[in-house]
Amino acid sequence: MTVNATAGFLRVLAVDDEPPALDELAYHLRADPRVARLHTAGDATEALRVLRDADVDVVFLDIRMPGLDGMELARVLRRFARPPAIVFVTAYDDGAVDAFDLGATDYVRKPVRADRLAESLRRVIGSRVVPSHPAALARAEEDPTIPIELAGTTRMLPRSAVRWVEAQGDYARLHTADGSHLVRVSLATLAERWADAGFVRIHRSHLVQLKLIAELRLVNSGYVVVIDGTELPVSRRHTRELKDKLVRAAKQDWNR
């Protein structure tokens with residue numbers, strides 16, 4: 001569904017099984033001039049009935065609901081011929097990575113604020129107007145974003161900006177060219193999901209972008225790789241696989 005870039009009017013569906021939370025969300029959305037029409041639903045079944053009978057540009061969706069939860073409903077919506085944008089609205093941050101794997105436009109933490117919802121609507125309009133060209137859509141799918149918290153604001157970090165990842169317990173620290181960001185997802189999960197994007201496991205505590213490795217160096221304690229001037233250890237169990245991948249990548253570059 002393409003949004004009118006001039007008027008910016010959006011047809012919105014808000015879904016939450018808790019009436020006070022749904023009322024608050026609906027109140028803020030109705031107050032925004034970019035919302036032309038607002039539907040509400042108390043669960044996924046009711047939401048699907050609304051979507052059957054009405055055109056909707058964006059669904060503001062709670063995650064933890066009885067019956068079909070928000071993640072499961074989002075998977076159903078992705079199969080629509082013209083799927084609406086999804087903005088998850090939740091009190092929890094442990095679903096952020098799954099949400100953006102599903103192509104969510106935004107991830108808003110409760111309690112909701114009017115300015116934060118206004119930012120979500122701006123992102124929805126931008127995502128619905130700009131990436132209509134097939135090449136732009138392909139680039140968006142190839143380089144998904146990761147939600148990170150900065151001083152109370154959720155910022156969308158492109159996966160391609162991540163240079164390497166460091167395990168910190170049940171969390172992962174994403175290192176970029178200009179800093180690092182802690183996200184609530186395990187290194188093992190990222191290693192599995194990002195393998196096709198060129199990220200390789202070199203150690204139980206490190207995941208790196210293969211193409212950014214400047215050196216593989218033998219030191220007294222074993223091998224290290226160098227990325228952006230930082231030395232990262234390579235465990236023995238990952239050394240052979242890493243060498244093979246570096247050789248294959250070099251051959252591919254040479255044959256281009």
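Phe199 is buried, its relative accessible area being 4%, where buried denotes under 20% relative accessible area, exposed over 50% and partly exposed the range in between (1.4 Å probe, protein chains only). The model is predicted, and local features therefore require pLDDT of at least 70 and side-chain atom pairs pLDDT 80 or more, whereas totals for chains, interfaces and linings use all residues. Residues are numbered from 1 along each chain as its sequence is written, and side-chain values rest on heavy atoms, with hydrogens and water left out.

The structure holds one aromatic pair, a pair being rings of Phe, Tyr or Trp (its six-membered ring) with centres within 6.5 Å, classed as stacked when the planes are under 30 degrees apart, edge-to-face when over 60 and tilted otherwise. The rings of Trp194 and Phe199 have centres 4.9 Å apart and planes at 50°, so the pair is tilted; Trp194 is likewise buried, at 6% relative accessibility.

An open sheet is formed by five strands in the order β10-β9-β8-β12-β11, with antiparallel pairing; strands are DSSP runs (E, at least two residues), as are helices (H or I, at least four), numbered from the N terminus, and two strands pair if DSSP finds at least two bridges between them. At the edges, β10 (179-183) and β11 (199-203) each pair on one side only. Strand β9 (residues 171-176) pairs with β10 over five bridges, and His181 in β10 is the bridge partner of Leu174.

Salt bridges, defined by a side-chain nitrogen of Lys or Arg within 4 Å of a carboxyl oxygen of Asp or Glu, number 15. One of them joins Asp228 and Arg163 (2.8 Å, N to O); because Asp228 lies in the loop between β14 (222-227) and β15 (230-234) and Arg163 in the loop between β7 (153-158) and β8 (164-168), the pair ties together parts that are 65 residues apart in sequence. Asp228 is partly exposed at 46%, as is Arg163 at 22% relative accessibility.
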